[in-house]
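Work through the exercises below with the model open. Try each task before you read its solution.

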Amino acid sequence: MHGSGADGDHEGGTAASWWAPAVANLLIGMVAILPALCVRRLVTKHILLNCADSPGCTAHFPGHAVGMTLGALLGGGFVLGMVLVVDVLIPWQEGRPLHRWLGMTTLVPAPFAIAQVAGWI
């Protein structure tokens with residue numbers, strides 16, 4: 001029944017065909033805020049230690065550096081897994097066009113960027 005509207009959001013170019021990928025990737029972006037905060041904390045607080053000049057640097061990481069590293073690695077892996085499942089595997093299995101879903105992955109960092117600019121985090 002091609003063209004009868006029975007194929008849901010498989011038609012091309014309509015607003016409804018972009019709605020589900022956009023919302024799904026924005027929700028993934030909400031989850032991605034936690035690993036992004038861990039990475040930001042690691043980069044701004046720990047990597048910038050002044051140890052580049054001395055070979056026997058005695059500066060040590062604070063106790064929560066291991067937790068931040070684990071949070072960044074495990075959270076980032078979880079987010080990448082969600083992107084793989086939501087944007088590749090599910091649309092591929094259902095026969096939906098991958099270009100819409102993969103194109104909307106650019107929205108994943110949007111919640112973090114908006115929260116950063118607004119000063120919420």
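This is a predicted model: local features need pLDDT of at least 70, side-chain atom pairs count only at pLDDT 80 or more; totals for chains, interfaces and linings use all residues.

Residues are numbered from 1 along each chain as its sequence is written, and side-chain values use heavy atoms, with hydrogens and water left out.

**Exercise 1.** Describe the fold of the protein chain in outline.

Solution. Start with the elements: the protein chain has five helices and zero strands. Helices (H or I, at least four residues) and strands (E, at least two) are DSSP runs, numbered from the N terminus. Next, take burial (under 20% relative accessible area, 1.4 Å probe, protein chains only). Of the 121 residues, 24% are buried.

**Exercise 2.** Characterise the surroundings of Asp-87.

Solution. Locate Asp-87 in helix α3, residues 65-94. Asp-87 is buried but has no salt bridge (a side-chain nitrogen of Lys or Arg within 4 Å of a carboxyl oxygen of Asp or Glu). The nearest side chain of opposite charge, Arg-96, is 9.8 Å away. Now look for a polar partner: the Asp-87 and Asn-25 side chains form a polar contact of 3.2 Å. Such a contact is a pair of N or O atoms within 3.5 Å; within protein, one must be able to donate a hydrogen and the other to accept it, and residues adjacent in sequence count only if both atoms are side-chain atoms.

**Exercise 3.** Is Leu-84 buried, partly exposed or exposed?

Solution. Find Leu-84 in helix α3. Its relative accessibility is 45%, so Leu-84 counts as partly exposed, the class between buried and exposed (over 50%).

Conventions. Lys and Arg count as positive and Asp and Glu as negative; His and the chain ends are not counted. Contact means heavy atoms within 4.5 Å. Lists of a residue's contacts leave out its neighbours within four places in sequence.
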